[in-house]
Amino acid sequence: MVNKSQQPIDSFKVRAAAKVNLHLEVLGLRTDGFHELAMVMQSIALYDELSFQINSNGVIKLKCNIPSLSIGDDNLIVKAANLLINRLPDEKSHVGIDISLYKNIPIGAGLAGGSADAAATLVALNSLLNLKYTFSELELFAQELGSDVPFCLEGGTQICFGRGEILEPIKLKENKMGIILVKDPSVHISTPWAYNLCKDIRGHNYLSNESDFELRRKKLRESYWLINFGKVNDIPLKNDLQEVVYPVTPAVEKSLNILSTIPDVIASSMSGSGPSCFAIFSDYEIAKSTFSKYRSIFDNEGLNSWVCPFINNGVIIL
Ligand code: C5P
(Lines give C-alpha, C1' and ligand atoms only; values in the text may rest on other atoms or scores of the structure.)
Protein backbone atom coordinates (compact mmCIF):
# COMPACT_ATOMS: atom_id res chain seq x y z
CA MET A 1 0.00 0.00 0.00
CA VAL A 2 1.34 3.41 -0.93
CA ASN A 3 0.40 6.61 0.84
CA LYS A 4 1.20 9.60 -1.35
CA SER A 5 -0.21 12.40 0.75
CA GLN A 6 -2.01 13.32 3.95
CA GLN A 7 -5.78 12.78 3.63
CA PRO A 8 -8.62 14.91 4.99
CA ILE A 9 -10.19 12.77 7.71
CA ASP A 10 -13.75 12.49 6.39
CA SER A 11 -12.95 11.29 2.86
CA PHE A 12 -10.53 8.94 1.22
CA LYS A 13 -9.51 8.02 -2.33
CA VAL A 14 -7.76 4.86 -3.44
CA ARG A 15 -6.80 3.00 -6.59
CA ALA A 16 -7.31 -0.74 -6.94
CA ALA A 17 -4.98 -2.53 -9.37
CA ALA A 18 -5.93 -5.40 -11.70
CA LYS A 19 -3.85 -8.58 -11.89
CA VAL A 20 -2.94 -11.17 -14.47
CA ASN A 21 -1.91 -14.77 -13.81
CA LEU A 22 1.59 -15.62 -14.97
CA HIS A 23 0.98 -19.14 -13.67
CA LEU A 24 -2.27 -20.84 -12.65
CA GLU A 25 -1.96 -24.51 -11.83
CA VAL A 26 -4.95 -26.44 -10.51
CA LEU A 27 -3.51 -29.08 -8.20
CA GLY A 28 -6.60 -30.74 -6.76
CA LEU A 29 -9.84 -30.39 -4.88
CA ARG A 30 -9.96 -29.42 -1.20
CA THR A 31 -12.32 -30.67 1.45
CA ASP A 32 -13.94 -27.19 1.55
CA GLY A 33 -14.91 -27.55 -2.14
CA PHE A 34 -12.38 -24.99 -3.38
CA HIS A 35 -9.47 -25.94 -5.62
CA GLU A 36 -5.94 -26.21 -4.31
CA LEU A 37 -3.88 -23.87 -6.48
CA ALA A 38 -0.29 -22.93 -7.28
CA MET A 39 -0.25 -19.51 -8.93
CA VAL A 40 1.89 -16.50 -9.68
CA MET A 41 -0.11 -13.29 -9.81
CA GLN A 42 1.17 -9.98 -11.17
CA SER A 43 -0.37 -6.54 -10.66
CA ILE A 44 -0.71 -4.31 -13.71
CA ALA A 45 -1.32 -0.59 -14.09
CA LEU A 46 -5.03 -0.87 -14.87
CA TYR A 47 -6.96 0.67 -12.00
CA ASP A 48 -10.42 1.18 -10.60
CA GLU A 49 -10.77 4.38 -8.56
CA LEU A 50 -12.79 4.48 -5.37
CA SER A 51 -13.67 7.34 -3.08
CA PHE A 52 -15.16 7.00 0.39
CA GLN A 53 -16.96 9.64 2.42
CA ILE A 54 -18.42 9.25 5.90
CA ASN A 55 -22.15 10.05 6.15
CA SER A 56 -24.30 10.30 9.22
CA ASN A 57 -27.36 8.44 7.91
CA GLY A 58 -25.96 5.01 8.76
CA VAL A 59 -26.17 3.50 5.29
CA ILE A 60 -23.53 2.17 2.95
CA LYS A 61 -24.35 3.67 -0.41
CA LEU A 62 -22.38 2.64 -3.49
CA LYS A 63 -22.58 4.38 -6.86
CA CYS A 64 -20.75 3.30 -9.98
CA ASN A 65 -20.12 4.50 -13.54
CA ILE A 66 -21.20 1.07 -14.93
CA PRO A 67 -25.02 0.73 -14.74
CA SER A 68 -24.97 -3.07 -15.18
CA LEU A 69 -22.86 -3.64 -12.04
CA SER A 70 -24.84 -4.52 -8.93
CA ILE A 71 -24.46 -1.88 -6.23
CA GLY A 72 -26.34 -3.94 -3.64
CA ASP A 73 -25.29 -6.17 -0.78
CA ASP A 74 -23.86 -8.76 -3.18
CA ASN A 75 -21.19 -6.29 -4.38
CA LEU A 76 -17.81 -7.16 -2.82
CA ILE A 77 -17.24 -3.49 -1.93
CA VAL A 78 -20.45 -3.40 0.12
CA LYS A 79 -19.56 -6.79 1.67
CA ALA A 80 -16.11 -5.48 2.65
CA ALA A 81 -17.61 -2.30 4.14
CA ASN A 82 -20.22 -4.29 6.09
CA LEU A 83 -17.55 -6.64 7.41
CA LEU A 84 -15.72 -3.72 9.03
CA ILE A 85 -18.71 -1.61 10.04
CA ASN A 86 -20.50 -4.55 11.71
CA ARG A 87 -17.52 -4.80 14.06
CA LEU A 88 -17.68 -1.16 15.18
CA PRO A 89 -18.52 -0.54 18.84
CA ASP A 90 -22.14 0.51 19.55
CA GLU A 91 -21.35 4.23 19.85
CA LYS A 92 -19.98 4.22 16.28
CA SER A 93 -22.45 1.79 14.70
CA HIS A 94 -24.50 4.65 13.17
CA VAL A 95 -21.65 5.37 10.75
CA GLY A 96 -22.52 5.17 7.06
CA ILE A 97 -20.32 5.51 4.01
CA ASP A 98 -20.91 7.00 0.56
CA ILE A 99 -18.73 5.09 -1.88
CA SER A 100 -18.09 6.10 -5.44
CA LEU A 101 -16.55 3.55 -7.82
CA TYR A 102 -15.09 4.44 -11.19
CA LYS A 103 -14.51 1.14 -12.97
CA ASN A 104 -11.78 0.82 -15.56
CA ILE A 105 -11.10 -2.89 -14.93
CA PRO A 106 -13.52 -4.94 -17.03
CA ILE A 107 -16.03 -7.09 -15.13
CA GLY A 108 -16.06 -10.91 -15.32
CA ALA A 109 -12.72 -10.77 -17.07
CA GLY A 110 -10.26 -12.83 -14.97
CA LEU A 111 -8.47 -9.67 -13.82
CA ALA A 112 -9.66 -9.69 -10.18
CA GLY A 113 -11.42 -6.34 -10.53
CA GLY A 114 -14.02 -7.13 -7.86
CA SER A 115 -11.38 -8.55 -5.51
CA ALA A 116 -9.17 -5.48 -6.00
CA ASP A 117 -12.12 -3.21 -5.15
CA ALA A 118 -12.79 -5.23 -1.98
CA ALA A 119 -9.13 -4.97 -0.94
CA ALA A 120 -9.21 -1.22 -1.61
CA THR A 121 -12.32 -0.88 0.58
CA LEU A 122 -10.61 -2.64 3.51
CA VAL A 123 -7.56 -0.37 3.24
CA ALA A 124 -9.59 2.82 2.82
CA LEU A 125 -12.04 2.18 5.67
CA ASN A 126 -9.26 1.07 8.00
CA SER A 127 -7.77 4.55 7.61
CA LEU A 128 -10.96 6.57 7.23
CA LEU A 129 -12.58 5.08 10.35
CA ASN A 130 -9.27 4.96 12.23
CA LEU A 131 -9.77 1.25 12.92
CA LYS A 132 -6.06 0.49 13.40
CA TYR A 133 -6.27 -3.07 12.08
CA THR A 134 -2.82 -4.48 11.32
CA PHE A 135 -1.97 -5.69 7.84
CA SER A 136 -2.29 -9.32 9.03
CA GLU A 137 -5.78 -8.58 10.38
CA LEU A 138 -6.77 -7.00 7.06
CA GLU A 139 -5.47 -10.13 5.32
CA LEU A 140 -7.86 -12.25 7.43
CA PHE A 141 -10.81 -10.05 6.45
CA ALA A 142 -9.64 -10.27 2.84
CA GLN A 143 -9.65 -14.09 2.98
CA GLU A 144 -13.24 -14.03 4.16
CA LEU A 145 -14.23 -11.95 1.13
CA GLY A 146 -12.60 -14.05 -1.60
CA SER A 147 -9.61 -16.10 -2.67
CA ASP A 148 -7.89 -13.32 -4.66
CA VAL A 149 -8.61 -10.47 -2.21
CA PRO A 150 -5.51 -11.03 0.03
CA PHE A 151 -3.20 -10.79 -3.01
CA CYS A 152 -4.89 -7.56 -4.10
CA LEU A 153 -4.01 -5.79 -0.82
CA GLU A 154 -0.25 -5.69 -1.41
CA GLY A 155 -0.18 -6.77 -5.08
CA GLY A 156 3.08 -6.73 -7.04
CA THR A 157 4.41 -10.16 -7.95
CA GLN A 158 3.43 -12.96 -5.59
CA ILE A 159 3.35 -16.75 -5.52
CA CYS A 160 -0.09 -17.77 -4.25
CA PHE A 161 -0.92 -21.19 -2.80
CA GLY A 162 -3.92 -22.72 -1.01
CA ARG A 163 -7.16 -21.21 -2.39
CA GLY A 164 -4.97 -18.29 -3.50
CA GLU A 165 -4.62 -16.69 -0.06
CA ILE A 166 -1.24 -18.13 1.05
CA LEU A 167 1.18 -15.56 -0.30
CA GLU A 168 4.92 -15.53 -0.95
CA PRO A 169 5.87 -12.10 -2.35
CA ILE A 170 8.69 -11.75 -4.86
CA LYS A 171 10.32 -8.43 -4.07
CA LEU A 172 11.78 -6.63 -7.05
CA LYS A 173 13.28 -3.14 -7.14
CA GLU A 174 12.44 -2.69 -10.78
CA ASN A 175 10.56 -4.60 -13.39
CA LYS A 176 10.50 -3.16 -16.90
CA MET A 177 8.05 -5.69 -18.32
CA GLY A 178 4.65 -4.84 -19.73
CA ILE A 179 1.68 -6.45 -21.41
CA ILE A 180 -0.86 -5.93 -24.11
CA LEU A 181 -4.23 -7.02 -22.74
CA VAL A 182 -7.35 -7.76 -24.78
CA LYS A 183 -10.92 -8.68 -23.92
CA ASP A 184 -14.07 -9.26 -25.90
CA PRO A 185 -16.54 -6.86 -24.21
CA SER A 186 -19.51 -9.13 -25.02
CA VAL A 187 -18.10 -12.12 -23.09
CA HIS A 188 -18.10 -12.45 -19.29
CA ILE A 189 -16.96 -15.59 -17.54
CA SER A 190 -18.14 -16.70 -14.12
CA THR A 191 -15.25 -18.03 -12.01
CA PRO A 192 -17.31 -20.89 -10.44
CA TRP A 193 -18.36 -21.98 -13.95
CA ALA A 194 -14.70 -22.19 -15.08
CA TYR A 195 -13.61 -24.16 -11.99
CA ASN A 196 -16.58 -26.53 -12.29
CA LEU A 197 -15.72 -27.15 -15.93
CA CYS A 198 -12.13 -27.86 -14.89
CA LYS A 199 -13.34 -30.33 -12.27
CA ASP A 200 -15.57 -32.11 -14.81
CA ILE A 201 -12.86 -32.39 -17.45
CA ARG A 202 -9.68 -32.80 -15.41
CA GLY A 203 -10.96 -33.94 -12.02
CA HIS A 204 -9.94 -37.57 -12.54
CA ASN A 205 -6.31 -36.40 -12.91
CA TYR A 206 -6.24 -34.15 -9.84
CA LEU A 207 -3.58 -34.76 -7.21
CA SER A 208 -5.10 -35.90 -3.97
CA ASN A 209 -2.59 -35.63 -1.17
CA GLU A 210 -0.65 -32.92 0.61
CA SER A 211 2.79 -34.37 -0.20
CA ASP A 212 2.03 -34.24 -3.95
CA PHE A 213 0.77 -30.66 -3.57
CA GLU A 214 3.99 -29.75 -1.74
CA LEU A 215 6.15 -31.21 -4.53
CA ARG A 216 4.38 -28.97 -7.06
CA ARG A 217 4.75 -25.92 -4.81
CA LYS A 218 8.49 -26.62 -4.49
CA LYS A 219 8.81 -27.06 -8.26
CA LEU A 220 7.13 -23.69 -8.86
CA ARG A 221 9.19 -21.85 -6.21
CA GLU A 222 12.40 -23.27 -7.69
CA SER A 223 11.57 -22.69 -11.33
CA TYR A 224 14.28 -20.87 -13.27
CA TRP A 225 12.03 -18.09 -14.55
CA LEU A 226 10.75 -17.28 -11.07
CA ILE A 227 14.12 -17.37 -9.28
CA ASN A 228 15.41 -14.98 -11.95
CA PHE A 229 12.20 -12.97 -12.23
CA GLY A 230 12.83 -9.49 -13.64
CA LYS A 231 16.27 -10.57 -14.93
CA VAL A 232 15.29 -13.06 -17.64
CA ASN A 233 12.75 -12.65 -20.39
CA ASP A 234 11.86 -16.30 -20.52
CA ILE A 235 8.43 -16.62 -18.85
CA PRO A 236 6.63 -19.86 -19.72
CA LEU A 237 3.07 -18.72 -18.99
CA LYS A 238 0.72 -21.48 -17.81
CA ASN A 239 -2.99 -21.47 -17.08
CA ASP A 240 -4.81 -24.77 -16.47
CA LEU A 241 -8.19 -23.03 -16.73
CA GLN A 242 -7.28 -21.91 -20.26
CA GLU A 243 -7.21 -25.54 -21.37
CA VAL A 244 -10.86 -26.01 -20.43
CA VAL A 245 -12.22 -22.52 -21.25
CA TYR A 246 -10.49 -22.12 -24.66
CA PRO A 247 -12.36 -24.90 -26.54
CA VAL A 248 -15.77 -23.50 -25.57
CA THR A 249 -15.02 -19.76 -25.75
CA PRO A 250 -14.34 -18.49 -29.30
CA ALA A 251 -13.37 -15.05 -27.91
CA VAL A 252 -10.38 -16.63 -26.12
CA GLU A 253 -9.30 -18.49 -29.25
CA LYS A 254 -9.57 -15.29 -31.30
CA SER A 255 -7.67 -13.23 -28.71
CA LEU A 256 -4.81 -15.73 -28.40
CA ASN A 257 -4.58 -16.17 -32.18
CA ILE A 258 -4.10 -12.43 -32.67
CA LEU A 259 -1.68 -12.00 -29.75
CA SER A 260 0.48 -14.90 -30.96
CA THR A 261 1.12 -13.18 -34.31
CA ILE A 262 2.59 -10.04 -32.69
CA PRO A 263 6.38 -9.66 -32.97
CA ASP A 264 8.53 -9.36 -29.79
CA VAL A 265 5.95 -11.18 -27.66
CA ILE A 266 7.58 -13.43 -25.04
CA ALA A 267 4.46 -15.49 -24.38
CA SER A 268 0.69 -15.10 -24.31
CA SER A 269 -2.03 -16.57 -22.11
CA MET A 270 -5.54 -16.22 -20.75
CA SER A 271 -5.73 -14.54 -17.33
CA GLY A 272 -7.52 -16.27 -14.44
CA SER A 273 -10.81 -17.79 -15.54
CA GLY A 274 -10.80 -15.54 -18.65
CA PRO A 275 -11.84 -14.33 -21.09
CA SER A 276 -9.08 -11.64 -20.92
CA CYS A 277 -5.86 -12.64 -22.65
CA PHE A 278 -2.48 -10.94 -22.57
CA ALA A 279 0.91 -10.98 -24.25
CA ILE A 280 4.10 -10.19 -22.32
CA PHE A 281 6.93 -7.96 -23.50
CA SER A 282 10.40 -7.67 -21.98
CA ASP A 283 10.02 -3.89 -21.92
CA TYR A 284 6.89 -1.78 -21.47
CA GLU A 285 8.23 0.73 -24.04
CA ILE A 286 8.25 -2.03 -26.70
CA ALA A 287 4.73 -3.04 -25.63
CA LYS A 288 3.60 0.60 -26.03
CA SER A 289 5.02 1.06 -29.53
CA THR A 290 3.64 -2.34 -30.62
CA PHE A 291 0.25 -1.43 -29.16
CA SER A 292 0.06 1.75 -31.25
CA LYS A 293 0.45 -0.40 -34.40
CA TYR A 294 -2.02 -3.11 -33.36
CA ARG A 295 -4.76 -1.16 -31.64
CA SER A 296 -6.83 -0.72 -34.82
CA ILE A 297 -6.62 -4.48 -35.45
CA PHE A 298 -8.00 -5.19 -31.96
CA ASP A 299 -10.75 -2.61 -32.57
CA ASN A 300 -11.65 -4.16 -35.93
CA GLU A 301 -11.88 -7.58 -34.28
CA GLY A 302 -14.26 -6.19 -31.63
CA LEU A 303 -11.74 -6.53 -28.80
CA ASN A 304 -11.16 -3.94 -26.09
CA SER A 305 -7.43 -3.47 -25.52
CA TRP A 306 -4.95 -1.92 -23.11
CA VAL A 307 -1.19 -1.64 -22.71
CA CYS A 308 0.05 -1.77 -19.10
CA PRO A 309 3.36 -2.00 -17.24
CA PHE A 310 3.86 -4.51 -14.44
CA ILE A 311 3.64 -2.72 -11.09
CA ASN A 312 4.88 -3.44 -7.57
CA ASN A 313 1.75 -2.58 -5.62
CA GLY A 314 -1.91 -3.41 -5.16
CA VAL A 315 -4.00 -0.79 -3.32
CA ILE A 316 -2.67 2.76 -3.75
CA ILE A 317 -3.83 5.53 -1.43
CA LEU A 318 -4.16 8.76 -3.42
O1 C5P B 1 -12.98 -17.17 -3.57
P2 C5P B 1 -13.93 -16.69 -4.60
O3 C5P B 1 -15.26 -16.29 -4.03
O4 C5P B 1 -13.38 -15.63 -5.49
O5 C5P B 1 -14.20 -17.93 -5.54
C6 C5P B 1 -15.25 -17.94 -6.47
C7 C5P B 1 -15.49 -19.35 -6.92
O8 C5P B 1 -14.39 -19.84 -7.69
C9 C5P B 1 -15.64 -20.35 -5.78
O10 C5P B 1 -16.96 -20.39 -5.33
C11 C5P B 1 -15.24 -21.64 -6.47
O12 C5P B 1 -16.30 -22.14 -7.28
C13 C5P B 1 -14.13 -21.19 -7.41
N14 C5P B 1 -12.79 -21.33 -6.80
C15 C5P B 1 -12.26 -22.59 -6.59
N16 C5P B 1 -11.02 -22.70 -6.02
C17 C5P B 1 -10.31 -21.61 -5.68
C18 C5P B 1 -10.83 -20.32 -5.91
C19 C5P B 1 -12.08 -20.22 -6.47
O20 C5P B 1 -12.88 -23.61 -6.90
N21 C5P B 1 -9.09 -21.77 -5.15
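In this predicted model, the mean positions of the positive and negative charges of the protein lie 3 Å apart. The charges number 30 positive and 35 negative. The secondary structure comprises 10 helices and 13 strands. The radius of gyration is 20 Å, close to the 20 Å that the globule rule gives for 318 residues, so the protein is as compact as a globular protein of that length.

**Overall dimensions and packing**

- The C-alpha trace spans about 60 × 50 × 40 Å along its principal axes.
- Of the 318 residues, 54% count as buried.
- Among contacts with a separation of 6 or more, 75% come from residues 24 or more positions apart.

**Aromatic pairs**

- The count of aromatic pairs in the protein comes to four.
- One of them joins tyrosine 133 and phenylalanine 141 in an edge-to-face arrangement, with 4.9 Å centre to centre and 75° between the planes.
- The planes of tyrosine 133 and phenylalanine 141 count as edge-to-face because their angle of 75° is over the 60 degrees set for that class.
- Tyrosine 133 has 22% relative accessibility and counts as partly exposed, whereas phenylalanine 141, with a relative accessible area of 8%, is buried.
- Tyrosine 294 and phenylalanine 298 form a tilted pair, with 6.3 Å centre to centre and 35° between the planes.

- Helix α10 covers residues 284-300 and holds both tyrosine 294 and phenylalanine 298.
- Tyrosine 294 and phenylalanine 298 are four residues apart, about one turn of the helix.
- Both tyrosine 294 and phenylalanine 298 are buried.
- Ring pairs link Tyr294 and Phe298 with Phe291 into a cluster.

**Aspartate 212**

- Aspartate 212 lies in helix α6, which runs over residues 210-221.
- The relative accessibility of aspartate 212 is 28%, so aspartate 212 counts as partly exposed, a class that lies between the limits of 20% for buried and 50% for exposed.
- Aspartate 212 is 184 residues from glycine 28 in sequence, while the C-alpha to C-alpha distance between aspartate 212 and glycine 28 is 9.7 Å.

Notes:
Residues numbered from 1 in each chain as written. Predicted model: local features only at pLDDT ≥ 70, side-chain atom pairs only at ≥ 80, totals over all residues. Heavy atoms only, no water. Helix = DSSP H or I, 4+ residues; strand = E, 2+ residues; numbered from the N terminus. Rg over C-alpha atoms; globule rule 2.2 N^0.38 Å. Buried < 20%, exposed > 50% of the residue type's maximum accessible area, 1.4 Å probe, protein only. Contact = heavy atoms within 4.5 Å. Lys, Arg positive; Asp, Glu negative; His and termini not counted. Charge placed at Lys NZ, Arg CZ, Asp CG, Glu CD. Phe/Tyr/Trp six-rings, centres within 6.5 Å; stacked < 30°, edge-to-face > 60°.
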